[in-house]
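Student: I have a model open and would like to go through its contacts. Can you take me through them?

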Amino acid sequence: MGIEEKTLGELVEKELQKEKHKRSHRRIVGGTIAALIVVMAVVALVAVFLCPVLQISGDSMEDTLRDGDVVVAVNGGGFRAGDVIAFYYGNDILLKRVIATSGQWVDIDEDGTVYVDNQPVEEPYVSEKTRGDYDIELPYQVPEGKLFVLGDHRSVSIDSRSRAVGCIEKKMIIGKIVFRVWPLSDMGLVR
C-alpha cells in the first residue's frame, strides 16, 4: 500500500505541475496578445493622426509620384512653397504641391512659367510646362489662411487654377508627403 500511495502522490504532484505550467503558459500568451493589441492600437493611432499612409491614385503628380505609389504624410506644422501636401477635397484625398501662401500673388504666363510675387518659380519637378486649363483670373492673390497648389503634371492636374478646387484651407490638409514606401525601388524622401 505504501508504494501505491507514493505512486498516487507522485501522479497528483505531476498533474499539479502540469496545471501550473498550463496556467503560466496561458498567462504568457494572454499577456503577449494584450501587448500586441496595445501596440496595434498605438500604430493605428499614429498612422491616422500623426503619419497617415496613402496610396496615390491618378497621374496629376507625375513624375514626382505615380499611380499606385504608397506614401507617408506627416501632420502639423506650417507648409511652404515646394511642399507636397495631401488634403481633403469632398470625399476624396488629393495630393498637390504648394506654390504660394496667404497674400502672395500667383501668375502663369503663356509658356507655363509660374510666378509668385512677380518672381519666376524654379520647378525642377515639372517635366512639361503648360498653363493648363484654368478659370481663375490671373494674376491671382491667395486668400488669407489658404494655400495655392498645383499638380506637377500640369496638363492633366485639376488644382487651384480651377474654381472647383480653389485654394486649400489649412484645416483641410492631412499632412505633408515626406516619404515614399512603395514601390521599394523608389523608396525614399519625396521632394
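Tutor: Start with a charged pair: Glu123 and Arg154 form a salt bridge, with their closest N and O atoms 2.5 Å apart. A salt bridge here is a side-chain nitrogen of Lys or Arg within 4 Å of a carboxyl oxygen of Asp or Glu. This is a predicted model, where local features need pLDDT of at least 70 and side-chain atom pairs count only at pLDDT 80 or more, while totals for chains, interfaces and linings use all residues. Residues are numbered from 1 along each chain as its sequence is written, and side-chain values use heavy atoms, with hydrogens and water left out.

Student: Where do Glu123 and Arg154 lie?

Tutor: Glu123 is in the loop between strand 7 and strand 8, and Arg154 is in the loop between strand 9 and strand 10, so the pair ties together parts 31 residues apart in sequence. Strands (E, at least two residues) and helices (H or I, at least four) are DSSP runs, numbered from the N terminus.

Student: Is Glu123 buried or exposed?

Tutor: Glu123 is buried, with a relative accessible area of 7%. Arg154 is buried too, at 2%. Buried means under 20% relative accessible area, exposed over 50%, and partly exposed in between, with a 1.4 Å probe and protein chains only.

Student: How many salt bridges does the count come to?

Tutor: The count comes to 8 salt bridges. One of them joins the side chains of Lys176 and Asp83, at 3.3 Å from N to O. That pair links distant parts of the chain, 93 residues apart: Lys176 sits in strand 11 (residues 173–182), and Asp83 in the loop between strand 2 and strand 3. Lys176 counts as partly exposed because its relative accessibility is 28%, whereas Asp83 is buried at 7%.

Student: Which residue forms a salt bridge with Asp159?

Tutor: Arg161, with the closest N and O atoms 2.8 Å apart. Asp159 is buried at 1% relative accessibility, and Arg161 is buried with a relative accessible area of 1%.

Student: Ser160 is next on my list. What does its side chain reach?

Tutor: The side chain of Ser160 reaches the backbone oxygen of Gly166 at 2.8 Å. Ser160 lies in the loop between strand 9 (146–150) and strand 10 (168–169), and it counts as buried because its relative accessibility is 1%. Leaving aside neighbours within four places in sequence, Ser160 has contacts (heavy atoms within 4.5 Å) that include Ile136, Phe148 and Cys167.

Student: Switching to Thr64. Which side chain does it make a polar contact with?

Tutor: The side chain of Thr64 makes a polar contact with that of Arg97, at 3.3 Å. A polar contact is a pair of N or O atoms within 3.5 Å; within protein, one must be able to donate a hydrogen and the other to accept it, and residues adjacent in sequence count only if both atoms are side-chain atoms. Thr64 lies in the loop between strand 1 (53–55) and strand 2 (70–74). Thr64 counts as buried, because its relative accessibility is 12%.

Student: And Arg97: which residue is its bridge partner in strand 9?

Tutor: Leu150. Strand 4 and strand 9 run antiparallel and are joined by 3 bridges. Arg97 of strand 4 also stands opposite Val84, where strand 3 (residues 84–89) and strand 4 pair in the antiparallel sense over 6 bridges. Two strands pair if DSSP finds at least two bridges between them. The hairpin of strand 3 and strand 4 has 2 residues between the strands, and Gly90 there takes a positive phi near 60°.

Student: Why is strand 4 called largely enclosed?

Tutor: Because 7 of the 9 residues of strand 4 (residues 92–100) are buried.

Student: What about the largest nonpolar core: how many residues does it have?

Tutor: The largest nonpolar core has 14 residues, and those with the most contacts inside it include Ile99, Phe148 and Leu150. Strand 4, strand 5 (105–108), strand 6 (114–116) and strand 9 each supply at least two residues of this core. A nonpolar core is a set of buried Ala, Val, Leu, Ile, Met, Phe, Trp, Tyr and Cys residues joined through side-chain atoms within 4.5 Å. Apart from that core lies another, of 12 residues, among them Ile56, Val71, Ala73 and Ile174.
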